[in-house]
Structure formats: C-alpha cells, structure tokens
Amino acid sequence: MTAMAPTRTEPDLSYLLDHTSHVLRTRMAAELGAIGLTPRMHCVLTHALEEERTQAQLAEIGDMDKTTMVVTVDALEKAGLAERRPSSTDRRARIIAVTEAGAKVAQESQKIVDGVHQGALSSLPDDERTALLRALNRLATGHLETPVEGPKTARRARQRA
C-alpha cells in the first residue's frame, strides 16, 4: 500500500519566502561582485559609516559570527576600504573606520543594492508592491519578529538596523 501525502491546507509560505530571498541574495551578490564587494562587505561599510561601531556591533547587525566578521574586515582593510582604529569613547575597544575610498565605494554599493531591490519591487504592480511591503513589515515587526528557541535553532535571521 502506498502512503498518501498529506493535503496542504495553506500556501507554502516557507518556500515562497526562502526561494525569493535566495534569488534576491544571488542577484545582490552578483551585482556587488562586479565592484569587488560581497553583501557582507557592503553591510559592514554602510553600517560603519552610520556611527562609530565596534567589530562586535557590526557583526551583530550583519548576523556574522566572529570568524566571518574578521575575514570580512580583513578583506576591507586589504582593499583599503576600512581600517581598525581605537574607539574615541572606549580605549579598550576598536572600531571599524571606513576610509575615504571606502565611503565612495559604499555610495556605489548602496546604489546597487537599491537597484536590486527596485528591480524586484518594480516587477509588481503598484498596489501589490505596497501590499507586499506592508505585509512583510507587519510580519517582521509582529508575529515573526522573534525566533523561537528550540533544541537546534535554525540560522538566526539578520537583525534590523
């Protein structure tokens, strides 16, 4: 006897969010790669420009573990886009300071990121785009704001900055 698959009673929201997120990330990586950046490098540059932040703070914002963050900052330093400096408020802490060249690249990379987002959103009619953004924002700040802890927690989603 062959077992019957259960009947789905709701749309597969996990697939829809995972698939579209994956495709968006691959497009973002390809576009940023054209200027020698990764999405993580873009994240560090733009958030380090906002205010003085330590490597640990930037890692938290970008959802990076310590090793990934070190590799990312090392790459930014090697490219001359950022450097580690002592904090102006805590002499024990080191911050990630964006160089002048890094600030220029961050401007360019932000245009790329905005373009990728705009490309995805412009594929929808205005009313659907508005409804999608409103619904996703409502989920991200409401029902799906906080991950549930379990025996083996799935990868933590990037934190809103």
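# Briefing: exposure, contacts and core

Asp 90 is partly exposed, with a relative accessible area of 25% (buried is under 20%, exposed over 50%, partly exposed in between; 1.4 Å probe, protein chains only). Its side chain meets that of Arg 92 in a salt bridge, 3.1 Å from N to O (side-chain nitrogen of Lys or Arg within 4 Å of a carboxyl oxygen of Asp or Glu). Arg 92 itself is exposed, at 74% relative accessible area.

This is a predicted model: local features need pLDDT of at least 70, side-chain atom pairs count only at pLDDT 80 or more, and totals for chains, interfaces and linings use all residues. Residues are numbered from 1 along each chain as its sequence is written, and side-chain values use heavy atoms, without hydrogens and water.

- Over residues 10-141 the chain is 70% helix and 8% strand (DSSP runs numbered from the N terminus: helices H or I, at least four residues; strands E, at least two).
- The end C-alpha atoms of residues 10-141 are 22 Å apart.

**Nonpolar core**
- The largest nonpolar core has 22 residues (buried Ala, Val, Leu, Ile, Met, Phe, Trp, Tyr and Cys joined through side-chain atoms within 4.5 Å).
- Leu 37, Val 44, Leu 45, Met 69, Leu 76 and Ile 96 touch the most other members of this core.
- Two or more core residues come from each of helix 1, helix 2 (39-50), helix 3, helix 4, strand 2 (94-98) and helix 5 (100-122).
- Helix 5 gives the largest share, five residues.

**Surface patch**
- Leu 13, Leu 17, Leu 132 and Leu 136 form a nonpolar surface patch, with about 300 Å² of accessible area together (Shrake-Rupley, 1.4 Å probe, only the protein chains shown as cover).
- Helix 1 (13-33) and helix 6 (126-141) each give two or more residues to this patch.
- Leu 17 lies in helix 1 and is partly exposed, with a relative accessible area of 34%.

**Salt bridges**
- The count comes to nine salt bridges.
- Arg 8 pairs with Asp 12, the closest N and O atoms being 3.8 Å apart. Arg 8 is exposed at 57% relative accessibility, whereas Asp 12 is partly exposed at 29%.
- Lys 104 and Glu 100 pair at 3.9 Å, N to O. Both lie in helix 5, four residues apart, about one turn of the helix. Lys 104 is exposed at 56%, and Glu 100 is exposed at 63%.
- Shared partners join Glu 50, Glu 51 and Arg 53 into one salt-bridge network.

**Loops and polar contacts**
- Arg 53 sits in the loop between helix 2 and helix 3. Arg 53 is buried, with a relative accessible area of 12%. Its side chain reaches the backbone oxygen of His 47 at 2.8 Å.
- Asp 63 is in the loop between helix 3 (55-61) and helix 4. Asp 63 is buried, with a relative accessible area of 12%. Its phi is positive, about 55°, although Asp 63 is not a glycine. Most residues other than glycine have a negative phi.
- Asp 74 is in helix 4 (residues 66-78) and is partly exposed, with a relative accessible area of 38%. A polar contact of 3.0 Å joins the side chains of Asp 74 and Arg 84 (N or O atoms within 3.5 Å; within protein, one able to donate a hydrogen and the other to accept it; sequence-adjacent residues count only if both atoms are side-chain atoms).
- Asp 74 and Ala 34 are 40 residues apart in sequence and 19 Å apart in space, C-alpha to C-alpha.

Notes: Patch = residues over 30% accessible without salt bridge, like charges linked within 9 Å, V, L, I, M, F, W, Y side chains within 5 Å.
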